[in-house]
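Welcome! Take a moment to look over the sequence and the 3D view before reading on.

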Number of protein chains: 2
Amino acid sequence: MTRDVALGGNALDRRGEPITAAVQRRNVELAAEALAPLLDSDEPLVITHGNGPQVGLLMLESEADTAVGAYPLDVLGAETEGMIGYMLEQALIRRSPHARFATLLTQTVVSAVDPAMRKPTKPVGPVYDTVTAHRLAEQRGFSIAPDTGGWRRVVPSPEPIRILEQDAVRVLLDNGTTVITAGGGGVPVVIDDQGRPMGIEGVVDKDLTAVVLALAVGADSLLLLTDVDGVYRDFSGPRPEKIEHLSARTARSLIAGGAVGRGSMGPKLEAAARFADRGGTAVIAALDQMAGALAGLSGTTVAPDGSHSIFDLERYRTAGAR
Amino acid sequence: MTRDVALGGNALDRRGEPITAAVQRRNVELAAEALAPLLDSDEPLVITHGNGPQVGLLMLESEADTAVGAYPLDVLGAETEGMIGYMLEQALIRRSPHARFATLLTQTVVSAVDPAMRKPTKPVGPVYDTVTAHRLAEQRGFSIAPDTGGWRRVVPSPEPIRILEQDAVRVLLDNGTTVITAGGGGVPVVIDDQGRPMGIEGVVDKDLTAVVLALAVGADSLLLLTDVDGVYRDFSGPRPEKIEHLSARTARSLIAGGAVGRGSMGPKLEAAARFADRGGTAVIAALDQMAGALAGLSGTTVAPDGSHSIFDLERYRTAGAR
């Protein structure tokens, strides 16, 4: 009866805003407020979150420190888990002083022979001009790719296999503790033949990590919260059409047909379909319309094939109304 | 039967070395190697650690980012908990791939009316020249104090009262998980009359936090590991004399008499005495001589008044010999 809530990076940050401490604190407060109906129920949650803007900030600051030298992406990712986890946990305790919370650092196991490892596609950090981008490519071995307004570093985005700390997450949940974890998808690590982890400079998709974690802890539902209120057919076209309910199979045919467009919704729908494939129910919804999503009035539900229940609405309504 | 191991900042960093990622990784590997005898026993540990150099690094980098603006000390402290926790956890798993580890973010409750709150004494961050220091004092309200070679920002160092996440630490320990936590003493927070925490710009002494945590989780021994192999009478004088065993009462009279000198040993001895006051046994030892400390050949033991056992050596020898 555990729920896994994945907060998209966009749910924590408005695009284009400078990512000051005050801006982050406000966004985290809004997220905590939106999550309040879930926190007021007795079921502990697993809360995961993005870290794109935050890791970009620390990457820029670390690169500018020529006296000490830039830190690798895995360590910067771990720093953002501390930064965001702290702000989010504190905001959640402020809303629910009597509930239990913990923030757990997460390492996500990926395969050293994942095809994505040889094909860096995920942009990270700032937009560089052409000269800087090519200098970094030469001096630091970065892979770079053209992006809006310039160039960005791109890193591999391999598939998450398991979370090194997933037993700890489960133990805390069993104790009634809401766990903030797998921030930014967790720090990706490869495991050598003696079982020893080593961080890599890559990014695991946070929604796919949330699915791995949800399955590992036996979560029965997965809420993927972002800044869009669900999945749309033809989202960028002249007549976007909101989809209220999808089976895993239909979700996959939408993804294959390219009907949901590119951008961040593709991975979210893929994550929802994977979770539904394994018998869970996923909801993709806007963070600021979560009350509506819990009432079945907003968001897109992705349920296992052949499932007739569109969502366990009654339980959520009850939780939300407390 | 849980042990609490506090790693001094000096156990993780050589003074004067630039704190690059490679330097940190090496120091963390050395710490993991030194802790191996403890990890090979079946008892889970609580491992706490300092963060002085790391928070100084992030503070400098954040202050240099004039586009976004400096982050407050509480958030930077949380970042270092992620950074150091990740590197240390990974190094420990590399030594003991089959043991369980978790890194937990920690908020340490302090009192808003702690006398230390009005008397900032703890230096943090870089050494500034006179002009910069006074500009920061004016523009950002920093308290500053003269330090070797210039000025440093000073912040309050209030007493730790409890750890917000101490139940989570205990639950993980009960599950056989070694927990890395309370990094840098934990992020200090004050609690308002509605139970809501708010971070403050201060630093809690990491060894005093380790005592609070050790007592909360029922640890029976506390190892305070640093770069000195124990407590010396007249440490900086012409004839320093190593002390092998102290009762809590004798420890307090040494502190009161100023016989152990200033610097970092005072707080360590105070921490050891507090733990012994509550019935536990503390050992202050050098990280790289821990095998000797476990064999009773190195370090200083602080035991409860009237205790005849200088330390539960046999158990440690057994653990170390496995």
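This is a predicted model: local features need pLDDT of at least 70, side-chain atom pairs count only at pLDDT 80 or more; totals for chains, interfaces and linings use all residues.

**How the two chains are related**

Chain A can be laid on chain B by a turn of 180° with a shift of 0.0 Å along the axis, and the RMSD is then 0.0 Å. The two copies are therefore related as by a two-fold rotation axis. Both copies use the same surface, since 100% of the contact residues of chain A recur in chain B.

**Where the chains meet**

| Item, chain A with chain B | Value |
|---|---|
| Residues in contact | 47 of chain A with 47 of chain B |
| Area buried | about 4,200 Å² |
| Share of that area from carbon and sulfur atoms | 63% |
| Salt bridges | 2 salt bridges |
| Polar contacts (both at pLDDT 80 or more) | 18 residue pairs |

Which elements of chain A give two or more residues to the side that touches chain B? They are the helices α2 (21-39), α3 (52-64), α4 (73-95) and α6 (166-174), together with the strands β3 (100-104), β10 (187-191) and β11 (197-199). The largest share of that side, 13 residues, comes from α4(A).

A salt bridge joins the side chains of Arg25(A) and Asp74(B), at 3.6 Å from N to O.

Returning to the area buried between chain A and chain B, about 4,200 Å², the residues of chain A that lose the most to chain B are Tyr71(A), Tyr86(A) and Arg94(A). Together these three account for 16% of what that side buries.

**Inside the protein**

In soluble globular proteins, nonpolar side chains tend to be buried together. In this model, the largest nonpolar core has 98 residues, and Leu35(A) and Leu35(B) have the most contacts inside it. Leaving aside residues up to four places away in sequence, Leu35(B) touches Val5(B), Leu7(B), Ile47(B), Leu92(B), Leu225(B) and Met290(B). Another core, of 80 residues, lies apart from the largest one; among its members are Leu172(A), Val228(A), Ala6(B) and Leu173(B).

**A closer look at one residue**

Thr209(B) sits in helix α7 of chain B, which spans residues 206-216. Is Thr209(B) buried or exposed? Thr209(B) counts as buried because its relative accessibility is 0%. Apart from residues up to four places away in sequence, Thr209(B) touches Thr108(B), Pro160(B), Ile163(B), Ala182(B), Gly185(B) and Val204(B).

Technical notes:
Residues are numbered from 1 along each chain as its sequence is written. Chains are lettered from A and ligands numbered from 1 in the order in which they are written. Side-chain values use heavy atoms; hydrogens and water are left out. Copies are superposed by least squares on the C-alpha atoms of residues with pLDDT of at least 70 in both. Contact means heavy atoms within 4.5 Å. A nonpolar core is a set of buried Ala, Val, Leu, Ile, Met, Phe, Trp, Tyr and Cys residues joined through side-chain atoms within 4.5 Å. Buried means under 20% relative accessible area, exposed over 50%, partly exposed in between (1.4 Å probe, protein chains only). Buried area is the accessible area (1.4 Å probe) that two parts lose on being put together, summed over both. A salt bridge is a side-chain nitrogen of Lys or Arg within 4 Å of a carboxyl oxygen of Asp or Glu. A polar contact is a pair of N or O atoms within 3.5 Å; within protein, one must be able to donate a hydrogen and the other to accept it, and residues adjacent in sequence count only if both atoms are side-chain atoms. Helices (H or I, at least four residues) and strands (E, at least two) are DSSP runs, numbered from the N terminus.
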